[in-house]
Amino acid sequence: MKKITSDDIIYAALSLFSEKGYDATSVDEIARESGMVKASFYKYFQSKEELLLGTIVLIEKLLDADIKELYLKHQLPSREKLRQLYLIALGRIYKNKVHLLVYSVPLIGSKEEKIAQAIDRVEHHLSNVMVDFLIDAYGESIHDYAYDIEFVVKSMIINSFRMSDSELSSTEHQTLAEFIVSITDMLAQGMLSPDVQHQIMWGRDSGLYEDSDQIWTKGRQIAHVLQHMEAVLKQLELDEAIQNEHMQILSRLQGELSEQNVETAHVKALLLFLEQLPALLEDCTKLKAILEI
């Protein structure tokens, strides 16, 4: 018989929350849905509120992995990266029913500060990433308007939840993501038009968009260092065979870092090879610091 894990309980709870709502779902029901008795539930979580916190932390972890991988696809066109980011947000949020959790928070009282902070953290990190990708897609000149565009995009995603009676299919996810990208294109083009003066609602100094040291921010840092290393290699006057070898090693390094379970020993070995080039030593050192290896 398969041993029940805390993740099993979380997914069982999410299923019930989607049917009945957080407030109307009892610990008894969550335990039964997980295949255990109520007493066993408390071996994993002290309360339903602690389970909710665990749920949000798990969702954050899943988003971490998805966004880190997307950051490292630096060969992908910037508009396609933006579309895939929207797909990640739609897929993870729909699959895990984050919108139901967000709307449930007021039902358990403002004293649950950790839960509120966890939800804020997920929302703020996703906002930071979205703004970063918007700037990548439309240029630095969109920076002042990126926060307003991100606000509109998130509003569309939230309203798509409220208008849908059931979880969207994969095809519907694709269609919705492409629709949102098209709207993003129109917003960006309009806001960058020199003929129209736009009122900025959310500025770059807004407290909602403070940076962080979470995994997806590390993903951004890693991606930038890898891009710089590639640019340096292309500029170096090296023998063609030597340059090709280093580019292949760099490509392997990128592949290793894009995996969810990074093999530290492999990464160290690849960095050891690359840092023999003095021009790459600083970047290799930066990567070691980011990866804490």
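Arg 83 is buried, at 15% relative accessibility; buried here means under 20% relative accessible area, exposed means over 50%, and partly exposed lies in between (1.4 Å probe, protein chains only). Arg 83 forms a salt bridge with Glu 80, with the closest N and O atoms 2.8 Å apart. A salt bridge is taken as a side-chain nitrogen of Lys or Arg within 4 Å of a carboxyl oxygen of Asp or Glu. Glu 80 counts as partly exposed, at 22% relative accessibility. Both residues lie in helix H5, 3 residues apart, about one turn of the helix. Helices are DSSP runs (H or I, at least four residues), numbered from the N terminus.

The model is predicted: local features need pLDDT of at least 70, side-chain atom pairs count only at pLDDT 80 or more, and totals for chains, interfaces and linings use all residues. Residues are numbered from 1 along each chain as its sequence is written, and side-chain values use heavy atoms, with hydrogens and water left out.

By the salt-bridge rule, the count comes to 7. One of these joins Glu 178 and Arg 79, whose side chains meet at 3.3 Å, N to O. This pair links distant parts of the chain. Glu 178 sits in helix H9 (residues 170-191) and Arg 79 in helix H5 (residues 78-96), 99 residues apart. Both ends are partly exposed: Glu 178 has a relative accessible area of 31%, and Arg 79 has a relative accessibility of 34%.

Arg 79 also meets the side chain of Asp 185 in a salt bridge, at 2.8 Å, N to O. Arg 79 lies in helix H5 and Asp 185 in helix H9, so this pair ties together parts that are 106 residues apart in sequence. Asp 185 counts as buried, at 14% relative accessibility. Through shared partners, salt bridges join Arg 79, Glu 178 and Asp 185 into one network. Side chains of opposite charge can pair when their charged atoms come close.

The 22 residues of H9 should span 32 Å at 1.5 Å a residue, the expected span being 1.5 Å times one less than the number of residues. The end C-alpha atoms of H9 are 31 Å apart, which agrees. Buried residues in H9 include His 173, Leu 176, Ala 177, Ile 180 and Val 181. Among the others buried there are Ile 183, Thr 184, Asp 185, Ala 188 and Met 191.

How values were computed
Helix = DSSP H or I, 4+ residues; strand = E, 2+ residues; numbered from the N terminus.
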